[in-house]
Structure formats: structure tokens, C-alpha cells
Amino acid sequence: MDRSKFLDAIIENAIDGIITIDDRGTIEHLNPAALELFGYGREELVGKNVSVLMPEPDHSRHDGYLSRYEHTGEKHIIGTGREVSGKRKDGSVFPFRLGVSEIKFSDRKIYTGFIHDLSKEKANEEQIRSYTEKLEVKIKERTHDLVKLVSELEMAKENMQALFQKEKELNQLKTRFVSMASHEFRTPLSSIQLSASLIDKYTSKQDVASVEKHTLKIKNSINNLTTILNDFLSLEKLEAGKVEASAQPFNIISFAEEIAEEMQMMTKENQHIIYEHTGTTAEVYLDPNLLKNCVINLISNSIKYSGADTLIQFNSILKDDELILEVKDNGIGIPKVDLHNLFEPFFRAHNTGDIPGTGLGLNIVKRYVGLMNGTVGCQSEQNSGTVFTLTFTFIK
């Protein structure tokens, strides 16, 4: 392949849009990516002034930019990394990062614009901003409620000795909440902020691998924030009495295999979820939505608190009208001293370190299981793993 064809192939297959104009602003060439971004066909744009792709005020000012540069050398557009807006054929406006190169020939010069669409990044920023605002509201509401409760307990403690212990527990709950919120909200937001800044840096260098790496970090951080928000919403519904069990018959094997397959996609390197069923039948009569939430929570914990190259066992045992579900791992385990507080809201074992979590998941699991008239058991030894057992007795 000669050099000219090689360069043409690169331009035509580039992910970002590329537009070439002459010194009067007339469009001479667009690659497929640019045509798709703006929603035009090639014949609709070639020969037109590039300002047709610009919203106001750039639409009216563009020729002035070029003229000023020709006479003064003032680079209003020439350069890299400038964030501007583009106008599609349908009239919609979208943000993109623009880099413009000036190429001089013996008889003329042209300008080549490199266009990187920022729509997804801006949408992510808006979503993060929305999540942050919702979380701030929840924190203020919960903090207000806790302060109010503590105040009422302090006013009554002189005549009600029995409330002393309750006051202590509420203070501990408040401390856990503030500590958890401070850490769990700040960490993913800091990661998002850092990664977004680095994306700008790597984009200008066209370092796609680094951009993808930090985009993944942003997605993971958003998932962490979403999990935190979902935990708060689930707890709020439980506290308000808005959650009720709605039992129905379903096949526990199909149910469990679907969850195992879904959770396998979230495992660490060489982590494997092994599902086994024991029993001659498979039909159970429970609330599948509440049960799915419980199982996903337990398997998520096993993934989170176990290392790479480990097995997570997920078993269902059905005999007569009793269903037993087990989730077993060989992760970091739970210290013996923490076992009796394990299902308290906002409580986290002392050996969790920097592993993210709200301390609400197991409390929600226990309450969901209770709504289905079941029980939750836990056996664990630090550094040796954990087994959670859900037991249900149901009437078909």
C-alpha cells in the first residue's frame, strides 16, 4: 500500500471526526466519523462553509476568526484541546473537543480539525452530579433524624434509666453512618475527578488505552455510588413499611443458575462461582424478587472479600417444604468479636480495611428474609472464609 492510500485508510477509519477546510472556511473533506457525528451526507457538506456545523455565536463569528488569524496571527481556533459545540443536521447541539492543525503547501494552506465527541462524558458528569445531590439530601435527612432522636433521649434519660443503653447504641450508629458516608462517598467521587482530569490529558496525546482505563474507573465508581444509593433506598422502604413479601411458585434451579451466571460476570480474575442443587424437586413458594436481592448481596460480598483464583460455592438444598441456600467462600472471614453485630445497620467488620461498603447489605438481607418467615445464619473464621445460610419453610 502506497503512503497516500495508507493515510487515506487511517483518516477514513478514525474513531474521531476529521474535517478539512480551506483558508476561506470551505469544507473540502469529511471522514465517516464526522459525517455520523453531524448527521449529514458527504454531498450535503462538501463545498459549504464550515460554519454550517456551528451554533451561535461561533456560526456568525467563524469567518472573522479566520480573517483575524490571517492578519494578526491570533489563534482563536488553531491549537488543541479546545472544548466547543457543534450543530447537527437536526438542529441539536452537542459538545466536542476540537484540535485544529494548519497545513501549508506551496500554493495554499488548509486547516484540519480533529473532533472528539464529549456527549457521553458530559452525560456521565450530569449523572454523577444528580447522584451526588440525591445523596446529599439523604445524608441531611438521616443526620437530622439522628440528631433529633439523640436530643429526645438526652431530655428523658434522667427519669428513664432504661434509655441509657439505647442512647449509646444510637450514638454508635450515628458515628458509623458519618464515618461510612464520609469515606464511601468521597472515595469514588475523588476517583471520578482524577480519572476525568487524566482523560483530558491522554485524549490530547491520543492515548486510547489510558483513556479506556480511566473511563472504566469512572464507570466502576458510578456503580459504587449507585450501590450506596440503592442500599439507602432499600433501607428507607423497609423503615417505612413499604416492602411486603409476595410469594409465588418458581423453579429454584433455574432461579439460582441465572443468578450464578449473572454474578460470574462481576467476579475478579479467576474467581469462579460453583452452583449445586440437592433434592428431587425444584419448585419453591417464596418471593423471588426479595430472595434474588438476598442472594446477590451475599454472593457480591463473597466476590468482594475473596481474592483472585478462588471458588465461591452456591448451594440449594430442597427437602419436603424446607429450602436451604448456602453461599460459601474462603475469603478474609469475619473476626469472632464482630459476629454478634454483623446484621446491625452501618456495621462493618474491623478487618474490611479499604474495601468499599455501606454496612447496610446484611441488615437488608436479614429483614428481607424475615419478611419471608426465614432465618439467616453465619459461620466464619478470620482468614479462613465464611458461610451464610438462608433457611425457609413454606407452604405450597
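Biologist: What makes Ser302 count as buried?
Modeller: Its relative accessibility is 2%, and buried means under 20% relative accessible area (exposed is over 50%, partly exposed in between; 1.4 Å probe, protein chains only). So Ser302 qualifies as buried. This is a predicted model, where local features need pLDDT of at least 70, side-chain atom pairs count only at pLDDT 80 or more, and totals for chains, interfaces and linings use all residues. Residues are numbered from 1 along each chain as its sequence is written, and side-chain values use heavy atoms, with hydrogens and water left out.

Biologist: Where does Ser302 sit, and what does Ser302 touch?
Modeller: Ser302 is in helix H9 (helices are DSSP runs of H or I with at least four residues, strands are E runs with at least two, numbered from the N terminus). Leaving out residues up to four places away in sequence, Ser302 touches Gln271, Ile312, Val327 and Asp329 (a contact is heavy atoms within 4.5 Å).

Biologist: Why are H9 and H10 called roughly antiparallel?
Modeller: The two pack at an angle of about 150°, with their axes 9 Å apart. Axes are lines fitted to C-alpha atoms over the stretch in contact, with angles from 0 to 180 degrees between N-to-C directions. Under 35 degrees is roughly parallel, over 145 roughly antiparallel, 65 to 115 roughly perpendicular and the rest oblique. So H9 and H10 come out as roughly antiparallel.

Biologist: Which residues make that contact?
Modeller: From H9 you have Leu290, Asn293, Cys294, Asn297, Leu298 and Asn301, and from H10 Gly361, Leu362, Ile364, Val365, Tyr368, Val369 and Leu371. Among the buried residues of H10 are Asn363 and Tyr368.

Biologist: How do you know whether Asp320 is buried or exposed?
Modeller: Asp320 has 72% relative accessibility, so Asp320 counts as exposed. Asp320 lies in the loop between strand E9 (311-319) and strand E10 (322-329). The phi of Asp320 is positive, about 55°, although Asp320 is not a glycine.

Biologist: What is the peptide bond from Glu56 to Pro57?
Modeller: That bond is cis, with omega near 5°. Pro57 sits in the loop between helix H3 (42-45) and helix H4 (58-72).
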